[in-house]
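Notebook open. I wanted to go through the side-chain contacts and the surface here, one item at a time.

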Amino acid sequence: MPSTHTPRAPIYPRTGLGRSAVAQIAGATIVAAAVSIGYQAAYRRLHFPLPSEVPTVVASLVTLAVTACAAGAVLLRSRRRNRYNSRGRHPRRGPRRLIAAAGWALPALLSTAIQSWLLTGTKFYLNGLGGDQQFRTAFLTRMTDSPALADAVYPDLPPYYSPAWFWVGGRIADTTGIPAWEFYKIWSIVTLAVAAALAHVLWARVVRPSTALILAMVTALVGLHTAAYSPYSWILVALAPPLAVLALRTARRLIRDGRLDVGACAGIGVYVGLAAITHALIAGVAAVFLAVVVATVALQARTRTRHLRRFLRGAGIAVAAALPFVAVVWVPYLLASSPLEPDSTAAKFLPEIGARIPTPVFYATPLGALCAVGLGWLVVRARRDVVATALALAVGTAVCWYALSFLAPLVSTTLLAFRLEPLLILALSCAGVLGIRDAAALARRRVRDPSRRAQAAERARVVTAVVGAFAVAAMLHVSYQVRTVEPAWNRAALNTPGPDGVIAEGTELQRTAGGPTAQEIHDAITTLSGGRDASDLVALTDVHSLLAFYPYRGFQTVTSAYANPKAGFADRNGLIRGWAEAGDGLAAALDAAPVRAPDVFVLSRTPQGWVYSLSVSRLPREPGDVSEPAVFSPSAFDPEHFAVQEVGHLAVAVRR
């Protein structure tokens with residue numbers, strides 16, 4: 001007797017961003033953060049003889065276990081789905097919950113295990129306090145000291161460098177009592193772990209959950225290869241591909257059919273708003289992408305104006321969702337004023353990687369091969385598959401941003417296009433996974449023959465096994481290759497001294513750095529200032545680690561690229577030059593300064609005098625900044641106005 005059962009519509013993919021998505025995002029965040037923090041805490045308790053490859057063994061075991069669990073979950077889900085589909089029934093919740101749990105935990109565990117391995121023996125993150133990390137650590141220290149939104153360095157100015165990631169991390173560091181410079185590593189690793197878990201949540205609303213798990217694992221590995229150095233931007237980039245698909249589907253429903261998905265519009269607006277206060281460049285790219293999506297769908301739609309009112313309503317919902325985030329940070333900045341001439345050089349940075357369009361499809365690595373497959377899949381499927389269309393538009397937007405950035409030097413700036421290379425690689429890698437999925441499905445269909453069902457089934461299993469074996473091997477290889485991406489960053493982290501001058505504390509590599517330590521400088525300032533808090537003092541120093549370890553305010557930042565435009569970087573350099581030439585009139589010159597003058601000077605003692613190294617911008621030339629000495633006369637720091645103490649080769653002077 002024929003079955004009268006009517007198959008239910010499949011739950012996946014779910015395309016909205018309603019209450020269930022919010023609950024899953026919250027759950028994934030909590031689970032991934034707990035997995036990452038728990039692993040880091042357990043890993044720190046292990047003692048590894050250094051130098052040694054024992055940490056590599058631990059990373060290998062965890063990576064292998066994670067990969068095996070992911071493969072097992074995908075295989076189990078696939079078999080259950082095929083079994084229930086053949087019976088005309090919907091799969092049970094058990095396998096779906098298993099995939100969800102795996103998607104929240106496994107990519108986070110993989111990311112955390114690899115980074116913990118790379119940073120064994122150090123409390124610092126990639127590159128220690130070198131390059132960008134010094135400024136970022138100082139920003140986290142600033143946000144740990146006080147919840148008030150303020151510039152990372154300068155006193156009395158609202159933030160220009162997007163503060164959201166640093167503010168959240170600072171609040172957690174303050175609550176837990178962990179020093180900000182030490183928490184920076186923990187917070188960065190947790191961020192990459194959470195990004196991969198959230199990618200699974202969003203991909204599961206676009207493709208089948210088993211495919212979403214694979215995409216989340218790939219997202220974790222791509223992040224470690226391309227964007228671990230900048231974790232706060234990666235959490236936005238990791239979510240961009242699935243959100244691009246959701247945005248395209250939402251626009252198609254709205255413009256073509258007049259169906260308004262309030263949750264999706266609000267979710268897109270929240271993403272843009274959070275991007276605006278986390279990494280403003282990503283917010284700008286997202287806005288351009290949304291404009292491209294709307295234009296593309298409108299041009300394809302036959303009735304372009306019928307649903308204009310609904311479209312405007314959806315756009316209004318997105319804008320309303322984004323505005324509160326934008327207003328919190330950018331309204332105070334726009335309203336702020338300064339007596340100095342505004343000076344912005346942040347966008348004039350043009351390194352070699354920003355002067356060329358990346359071509360990852362030709363990289364001789366598994367990721368390069370995956371990108372090549374992805375490019376081919378996009379070309380073949382872009383007109384017929386909404387996922388391929390959205391990823392193609394994302395890749396196209398990134399390439400167009402590069403093109404516009406190449407024109408920007410005509411007006412003496414850039415668009416920092418090199419920041420989009422991780423997005424380009426991630427979008428192509430995700431497309432590559434989907435291309436391999438489609439190719440495997442096509443191969444399984446081709447081997448099916450009704451007259452030879454047993455042989456066809458066996459061949460289908462062989463195809464699946466071959467694809468799975470290569471996928472597992474490639475994932476293991478890519479995990480190991482992370483070590484070779486920027487080995488200098490790992491060495492720099494391991495060789496960075498803490499505030500007490502100790503390097504690689506608690507390991508066989510432990511040693512003490514030469515010269516005055518940040519703690520010694522801080523102790524001298526505390527003594528000379530009568531015990532004033534570091535947050536009450538403005539320091540002029542080129543010992544920039546001092547601001548990374550302690551919440552001093554700075555009179556000048558390490559380089560012009562990080563300077564708040566309203567701080568007047570060039571004018572501040574002019575003031576410093578004037579003070580160096582003031583001689584015995586230094587105290588009067590400081591009192592006459594148009595902005596808050598330094599309370600503390602930390603200068604190098606040389607035969608020529610006491611020296612502060614000015615950072616002078618030459619952007620977009622390479623190197624972007626050069627050092628210029630400002631030489632102060634020791635006699636300018638007279639006992640009537642300054643308390644002075646020598647700390648090694650440094651002179652510490654505090655205004656009375």
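I started at R596, which makes a salt bridge with D599, the closest N and O atoms being 3.1 Å apart. My rule for a salt bridge is a side-chain nitrogen of Lys or Arg within 4 Å of a carboxyl oxygen of Asp or Glu. Before going on, I noted that this is a predicted model, where local features need pLDDT of at least 70, side-chain atom pairs count only at pLDDT 80 or more, and totals for chains, interfaces and linings use all residues. Residues are numbered from 1 along each chain as its sequence is written, and side-chain values use heavy atoms, with hydrogens and water left out.

Next I checked burial, where buried means under 20% relative accessible area, exposed over 50%, and partly exposed in between (1.4 Å probe, protein chains only). D599 counts as buried because its relative accessibility is 12%, while R596, at 35%, counts as partly exposed.

I then looked up R356, which forms a salt bridge with E352 at 3.0 Å between the closest N and O atoms. E352 is exposed, with a relative accessible area of 54%, and R356 is partly exposed at 31%.

I take helices (H or I, at least four residues) and strands (E, at least two) as DSSP runs, numbered from the N terminus. R171 is buried at 18% relative accessible area, whereas D174, at 42%, counts as partly exposed. By the same rule I get 12 salt bridges.

I found a nonpolar patch of about 370 Å², made by L149, W167, V168, I172 and V328. Patches take residues with over 30% relative accessible area and no salt bridge, joining like charges within 9 Å and nonpolar side chains (Val, Leu, Ile, Met, Phe, Trp, Tyr) within 5 Å. The areas are Shrake-Rupley values with a 1.4 Å probe, and for residues only the protein chains shown count as cover. Which element gives the largest share of the nonpolar patch? Helix α5 (residues 164–176) does, with three residues. L149 sits in the loop between α4 (132–145) and α5, and at 33% relative accessibility L149 is partly exposed.

On to the rings: I searched the whole structure and got 33 aromatic pairs. Rings of Phe, Tyr and Trp (its six-membered ring) pair if their centres lie within 6.5 Å; planes under 30 degrees apart are stacked, over 60 edge-to-face, the rest tilted. F135 and Y562 are stacked, 4.6 Å centre to centre with 10° between the planes. F135 lies in helix α4 and Y562 in the loop between β4 (553–554) and α20 (569–581), so this pair ties together parts 427 residues apart in sequence. Both ends are buried: F135 at 2% relative accessibility and Y562 at 13%.

I also logged Y550 and Y552 as an edge-to-face pair, 6.4 Å centre to centre and 70° between the planes. Y550 is buried at 14%, and Y552 is buried at 3%.

Last, charges over rings, meaning NZ of Lys or CZ of Arg within 6 Å of the ring centre and within 35 degrees of the ring normal. The charged end of K566 sits over the ring of Y333, 4.7 Å from its centre. R572 lies over the face of F555, at 4.7 Å from the ring centre.
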